[in-house]
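Visitor: I would like to learn how to read aromatic pairs and helix packing. Can we work through an example together?

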Amino acid sequence: MSNIRMYEIRRVLKGIKSLFMGPVDVRRRTIHEMVRIMAWRMGGHYVGDDYKFWLKDEGFANKFMELSPHNYFSMERKFALKEFARSVRDLPGCVAECGSYVGVAAWFIAREIQGVSFYLFDSFEGLSMPEGKDCSPEGVPQWKSGDMAVSEDVLKKNLRDFENIYVMKGWIPDRFAEVSDCQFKLVHVDVDLYQPTLDSLAFFYERMVPGGLIVMDDYGFENCPGAFAAANEYMANRPETIIQLPTGQGVIIRRGWIKSME
């Protein structure tokens, strides 16, 4: 057995021990290192460098682990979203989220932006029926109807400490009309599929204040081809560029005002 392979095994065994015995900072770094090793051994996929300041934010990490112990891999996206929310805190307007699941993303947004109305749109019945554009190039559906269904009670429990949060239960875009007179400084879109992504952009884009942000959680993921296609189609003839982040998120920074709110 090669020295490199032995080194990998020792690192993994040491990491397993740390997962159960170490403080949260050590556990987080251990998971990250183990992912790097496994990714390298299974095809050389790049995993971001360690030693970043955000990885030392124990307050963020502890809350994320509390809210989302089942999905460690979305931690960097939640931190990025938290920072986007912080960046528009002083702009006028409300906040909205399309697809809230258990409320992890909403928690970090609400923590950064308080005192404004925050509208959460979710069916709580999981995903709607995927369409052709939600399939892989080979025609294989990447999701099925009902995936990621969750009880509304879980969301409300996780967000119980915040005021001005309005849960708009229903299928997108059925309840959008109820906020048609609002202006928005941040909209988080996490709906995975083509049609609800298109519907969300079609409604909220024209209601964004200048400098407002639309953050799409699943824009850059191969298992969400419909979300990628919908965003690119909608923005094709508009002045803004979708900024694709290495986290998999896509961001639109609204330049100007199109729809009159009078």
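Visitor: How many aromatic pairs does the count come to?

Guide: This is a predicted model. The count comes to 16 aromatic pairs.

Visitor: Take Phe121 and Phe176. What kind of pair do their rings form?

Guide: Look at the centres, then at the planes. Planes over 60 degrees apart count as edge-to-face. The ring centres of Phe121 and Phe176 lie 4.9 Å apart and the planes stand at 90°, so this pair is edge-to-face.

Visitor: Where in the chain do Phe121 and Phe176 sit?

Guide: Phe121 belongs to strand β2, residues 118-122. Phe176 lies in the loop between β3 (165-169) and β4 (184-189).

Visitor: Is Phe121 buried or exposed? And Phe176, buried or exposed?

Guide: Buried means under 20% relative accessible area. Phe121 has 2%, so it is buried. Phe176 is also at 2% and counts as buried.

Visitor: What kind of aromatic pair do Phe184 and Phe204 form?

Guide: That pair is edge-to-face, with 5.0 Å from centre to centre and 85° between the planes. It links distant parts of the chain: Phe184 is in strand β4, and Phe204 is in helix α7 (residues 194-204), 20 residues apart. Phe184 is buried at 0% relative accessible area. Phe204, at 1%, counts as buried.

Visitor: Which residues form one aromatic cluster?

Guide: Trp54, Phe60, Phe64, Phe79, Trp107, Phe108 and Phe162 do.

Visitor: Now the helices. What describes two packed helices?

Guide: The angle between their axes and the distance between the axes. Here helix α4 (residues 75-87) packs with helix α5 (residues 104-112) at about 30°, and the axes are 8 Å apart. Angles under 35 degrees count as roughly parallel. Therefore α4 and α5 are roughly parallel to each other. Their crossing is right-handed.

Visitor: Which residues make the contact of α4 and α5?

Guide: From α4 come Lys78, Leu81, Lys82, Ala85 and Arg86. From α5 come Val104, Ala105, Phe108, Ile109 and Glu112. By class, the contact has six nonpolar residues, no polar ones and four charged.

Visitor: Why do residues three or four places apart point the same way?

Guide: An α-helix has 3.6 residues a turn, so such residues point the same way.

Visitor: How many residues of α5 are buried?

Guide: Eight of its nine, so α5 is mostly covered. The buried residues are Val104, Ala105, Ala106, Trp107, Phe108, Ile109, Ala110 and Glu112.

Notes:
Residues are numbered from 1 along each chain as its sequence is written. This is a predicted model: local features need pLDDT of at least 70, side-chain atom pairs count only at pLDDT 80 or more; totals for chains, interfaces and linings use all residues. Side-chain values use heavy atoms; hydrogens and water are left out. Axes are lines fitted to C-alpha atoms, for helices over the stretch in contact, and angles run from 0 to 180 degrees between N-to-C directions. Helices (H or I, at least four residues) and strands (E, at least two) are DSSP runs, numbered from the N terminus. Angles under 35 degrees count as roughly parallel, over 145 as roughly antiparallel, 65 to 115 as roughly perpendicular and the rest as oblique. A crossing is left-handed if the near helix is turned anticlockwise from the far one by less than a right angle, and right-handed if clockwise. Contact means heavy atoms within 4.5 Å. Ala, Val, Leu, Ile, Met, Phe, Trp, Tyr, Cys and Pro count as nonpolar, Asp, Glu, Lys and Arg as charged, and the others, Gly among them, as polar. Rings of Phe, Tyr and Trp (its six-membered ring) pair if their centres lie within 6.5 Å; planes under 30 degrees apart count as stacked, over 60 as edge-to-face and the rest as tilted. Buried means under 20% relative accessible area, exposed over 50%, partly exposed in between (1.4 Å probe, protein chains only).
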